[in-house]
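User: Could you take a close look at how the helices pack here? Please give me one connected account, with the cut-offs behind each term.

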Amino acid sequence: MSEFDQKTVTHPDDAPQEANVKDAAARAGGIWTELGPTLAFIVIYNVMLRFPEEGLFSSENALFWATGVLIVATAAVIGMKLIRKQRIPPFLLVSSSLIGVFGVLGIAFHSKLLLFLKPTIINLMFAGAIFGGLAVGRNIWKMLFNELFHLPDYAWRVLAIRWGLYFIAMAIWNIVVWQAFGEAAWANWKMGNIVIGFVFAMANAPYTLKHMQTQSGER
């Protein structure tokens, strides 16, 4: 076999790992579809701020209308995936369910406080599930993403701890933004939170890819 042929032939053991990387890239592209609900929330909130201060359709109720649209848009994303027979990532399903439950409760009780605290409560629930699972020997993070990435157990543990701490930090950050900057800034910062999550995920990508390659090499 020539030197050129040796460079172009892919080792059979590398094929599953390369497929995982391609699958990860495809799913990352789908994030733009899932950004829709957050964008809808921000648009509706700012539109409603232009309405009178009193009445059902009022600036005072902007947060409730935006939350309602967020819930409907999130359900629409999941419905679209079901119609297209696409696999729904477990994390998306869990987070969407929590958003729906706490969002409906906030609207039903007409409680802005519950809507403000919703991200903090959800983030703390994720952190609690991660660290609680690790305490009893079950890695929730691995269970959610094992089909996407094949990593050794110690790498999954490191990632679980990192994301658990991330959720705690975001829970605190939500309170800081709400208390320090007010409702309008808090509502419009939702996109900023997505950017923070994306940057954090990218920061962990080298570690993830490193151990994907290591595992492949150990086979």
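**Helix packing**

Along the sequence, the chain reads α-α-α-α-α-α-α-α-α-α. That comes to 10 helices and 0 strands. Helices (H or I, at least four residues) and strands (E, at least two) are DSSP runs, numbered from the N terminus. The model is predicted: local features need pLDDT of at least 70, side-chain atom pairs count only at pLDDT 80 or more, and totals for chains, interfaces and linings use all residues. Residues are numbered from 1 along each chain as its sequence is written, and side-chain values use heavy atoms, with hydrogens and water left out.

First, the chain as a whole. Of its 219 residues, 38% count as buried (under 20% relative accessible area; exposed is over 50%, partly exposed in between; 1.4 Å probe, protein chains only). Take the contacts (heavy atoms within 4.5 Å) between residues at least 6 apart in sequence: 68% of them join residues at least 24 apart.

Now the pair H4 and H5. H4 covers residues 36-48 and H5 covers residues 62-83. Their axes come within 8 Å and cross at roughly 155 degrees. This crossing makes H4 roughly antiparallel to H5. Axes are lines fitted to C-alpha atoms, for helices over the stretch in contact, and angles run from 0 to 180 degrees between N-to-C directions. Under 35 degrees counts as roughly parallel, over 145 as roughly antiparallel, 65 to 115 as roughly perpendicular, and the rest as oblique. The crossing of H4 past H5 is right-handed (the near helix is turned clockwise from the far one by less than a right angle; anticlockwise is left-handed).

Which residues meet? From H4, the residues include Phe-41, Ile-44 and Tyr-45. On the H5 side, Trp-65, Leu-70 and Val-77 are among them. By class, this contact of H4 with H5 holds 14 nonpolar, 3 polar and no charged residues. Ala, Val, Leu, Ile, Met, Phe, Trp, Tyr, Cys and Pro count as nonpolar, Asp, Glu, Lys and Arg as charged, and the others, Gly among them, as polar.

Asn-188 sits in helix H9 and is partly exposed, at 32% relative accessibility. Neighbours within four places aside, Asn-188 contacts Ile-42, Tyr-45 and Asn-46.

The axes of H7 (residues 112-135) and H9 (residues 153-188) come within 8 Å and cross at roughly 170 degrees. H7 is therefore roughly antiparallel to H9. Their contact has 22 nonpolar, 4 polar and 3 charged residues. Asn-123 belongs to H7 and is buried, at 14% relative accessibility. Beyond its neighbours within four places in sequence, Asn-123 touches Phe-167, Met-170 and Ala-171.

The record can be set beside this. An unreviewed UniProt entry lists "transmembrane region" for residues 62-83, 90-109, 121-141, 161-181 and 187-209. Such annotations may be inferred rather than shown by experiment; positions use the numbering here and feature names are shortened. Residues 161-181 are 100% helix and 0% strand, with end C-alpha atoms 30 Å apart. Residues 121-141 are 81% helix and 0% strand, and there the ends lie 18 Å apart.

Last, two loops. Lys-85 lies between H5 and H6 (90-108). Its phi is near 60 degrees, positive in a residue other than glycine. Lys-85 is exposed, at 78% relative accessible area. His-110 is in the loop between H6 and H7. His-110 has a positive phi too, about 50 degrees, although it is not a glycine.
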